[in-house]
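Work through the exercises below with the structure open. Each task is followed by a solution in steps.

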Amino acid sequence: MQEKLKKIREEALTRLEQASSMEEVNDIRVAYLGKKGSLTEVLKGMRDVAPEDRPKVGGWVNDLRRELEEKLDEAKNSLAEKALEARLEAEEIDVTMPAKTLKTGHRHPNTIALEELERVFIGMGYEVVEGPEVEYDYYNFEALNIPANHPAKDEQDTFYINKQIVLRTQTSSVQARVMEKQRPPIRIIAPGRVYRSDAVDATHSPSFHQVEGLVVDKHITFSDLKGTLAQFAKEMFGPETKVKFRPHHFPFTEPSAEMDVSCFKCGGRGCRMCKGSGWIEILGCGMVHPRVLEMRDIDPEEYTGFAFGIGLERIALLKYEIDDMRLLYENDERFLEQF
Ligand SMILES: [Zn+2]
């Protein structure tokens, strides 16, 4: 029996020494230690060994088993090491190869439009402020004179986090926050993302951007509103641009208006862009509702103000003559590279 084991040992070690791949090492493991391996066969033949010799023979078999397992692991490790060395050798860096060029991205049409818009208002003395996108229902609605039963709060339009917290539907929420912290004179614009549960199409998206404007001071009149927004339109769309105000309704301004600009494509004669009317609707605006001022402890007898809300995407789409809002969000490089 001892002779048999010695033979198995020599044979296994010789084979291992010659093994040059992981596969061969695994084959050797199976051939000696596997279910039908020669060492396993020896154990199965133990019943032929005299009972008094069994412990001794069992010990030999176990010793050999342990030795073979160790040698198999060693062979495996040394093969892995060799494979790694060979790979490192092959992957040596060729410093003469041309470098990968880093592709530089560039600004999004929304960003370009926003920077342009900020430049105009900063030039008129406005401060740029931001507010939270996840907003209290209170700031988004009630502080803007939109009571609980107002249709603007309809769940079809608003993403509710819970009863008190919403994804803001308008940047107007920043108005209340600013008036809460700051006393007049106030002159701010507040750009940012807003959310409505709208289905995606060429002119709608559940998430888009607005720029809110708010001015509160003594003796602010509708003329100030008109003068400011007319100046904005000229700087944004060209010195020839005319503006037109149409009466409208917003809960937080009174009186309220929508402002159109003369079509900068056709100069007002009528074209595809202005749908033949010569005018393009650009923003909503109005004099701050006295109730909104009162809620922030600003005396409407002493102070007045105006506010406006501009859809940033609308400006970008018009300015760059893009006919589908979805293009702004798809991040297709071929599209974005044009701006
Ligand atoms: Zn036109």
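Helices and strands are here DSSP runs, numbered from the N terminus; a helix has at least four residues and a strand at least two. The model is predicted.

**Exercise 1. Cis peptide bonds**

Task: Find which residues a cis peptide bond joins at an omega of about -5°, and state where Pro255 lies.

Solution. 
- Step 1. Glu254 and Pro255 are joined by a cis peptide bond, with omega about -5°.
- Step 2. Pro255 belongs to strand 7, which spans residues 253–262.
- Step 3. Another cis peptide bond links Pro184 to Pro185, with an omega of about 5°.
- Step 4. Pro185 sits in the loop between helix 7 and strand 4.
- Step 5. For background, most peptide bonds are trans.

**Exercise 2. Positive phi**

Task: Determine the phi of His219 and of Asp297, and decide whether His219 is buried or exposed.

Solution. 
- Step 1. Most residues other than glycine have a negative phi.
- Step 2. His219 is not a glycine, yet its phi is positive, about 60°.
- Step 3. His219 occupies the loop between strand 5 and helix 8 (222–237). Because its relative accessibility is 70%, His219 counts as exposed.
- Step 4. Asp297, also not a glycine, has a positive phi of about 60°.
- Step 5. Asp297 is in the loop between helix 9 and strand 9. Its relative accessible area is 67%, so Asp297 is exposed.

**Exercise 3. The zinc site**

Task: List the protein donors of the zinc ion, then name the arrangement of the donor atoms from their angles.

Solution. 
- Step 1. The donors are the SG atoms of Cys263, Cys266, Cys271 and Cys274, at 2.2 to 2.3 Å from the zinc ion.
- Step 2. Along the chain these donors are spaced as C-x2-C-x4-C-x2-C.
- Step 3. Four donors count as tetrahedral if all angles lie between 85 and 135 degrees.
- Step 4. The four donor atoms subtend angles of 105 to 115° around the zinc ion, so the arrangement is tetrahedral.

**Exercise 4. A stacked aromatic pair**

Task: Classify the ring pair of Phe237 and Phe264, and say which parts the pair ties together.

Solution. 
- Step 1. A pair of aromatic rings is described by the distance of the centres and the angle of the planes.
- Step 2. Eleven aromatic pairs are present in the structure.
- Step 3. In the pair of Phe237 and Phe264, the ring centres are 4.7 Å apart and the planes lie at 10°, so the pair is stacked.
- Step 4. Phe237 is in helix 8 and Phe264 is in the loop between strand 7 and strand 8 (279–288), so the pair ties together parts 27 residues apart in sequence.
- Step 5. With 11% relative accessibility, Phe237 counts as buried. Phe264, with 26%, counts as partly exposed.
- Step 6. Elsewhere, one aromatic cluster is formed by Phe121, Tyr126, Phe232, Phe306 and Phe308.

**Exercise 5. Surroundings of Lys319**

Task: Identify what the side chain of Lys319 reaches at 2.9 Å, and which residues Lys319 is in contact with beyond its neighbours within four places in sequence.

Solution. 
- Step 1. Lys319 is part of helix 10 (residues 312–319). Its relative accessibility is 27%, so Lys319 counts as partly exposed.
- Step 2. Neighbours within four places in sequence left aside, Lys319 contacts Glu116, Met236 and Phe264.
- Step 3. The side chain of Lys319 reaches the backbone oxygen of Met236 at 2.9 Å.
- Step 4. Lys319 and Met236 are 83 residues apart in sequence, while their C-alpha atoms are 8.6 Å apart in space.

**Exercise 6. His209 and helix 7**

Task: Name the side chain with which the His209 side chain makes a polar contact, and list the buried residues of helix 7.

Solution. 
- Step 1. His209 lies in strand 5. Its relative accessible area is 17%, so His209 is buried.
- Step 2. The His209 side chain makes a polar contact of 2.7 Å with the side chain of Glu313.
- Step 3. Residues up to four places away in sequence not counted, His209 touches Asn110, Gly192, Arg193, Ile310, Gly311, Leu312 and Glu313.
- Step 4. In helix 7 (residues 173–181), the buried residues are Ser173, Val174, Gln175, Ala176, Val178 and Met179.
- Step 5. The cover over these buried residues includes strand 5 (207–217), strand 4 (186–195) and helix 6 (137–140).
- Step 6. The charged end of Arg177 sits over the ring of Tyr139, 4.2 Å from the ring centre.

Notes
Residues numbered from 1 in each chain as written. Predicted model: local features only at pLDDT ≥ 70, side-chain atom pairs only at ≥ 80, totals over all residues. Heavy atoms only, no water. Buried < 20%, exposed > 50% of the residue type's maximum accessible area, 1.4 Å probe, protein only. Contact = heavy atoms within 4.5 Å. Polar contact = N/O pair within 3.5 Å; in protein donor to acceptor, adjacent residues only side chain to side chain. Donors = N, O, S within 2.8 Å, 3.2 Å for Na, K, Ca; no water. Tetrahedral: all angles 85-135°; square planar, octahedral: opposite > 155°, others 65-115°. Phe/Tyr/Trp six-rings, centres within 6.5 Å; stacked < 30°, edge-to-face > 60°. Lys NZ or Arg CZ within 6 Å of the ring centre and 35° of its normal.
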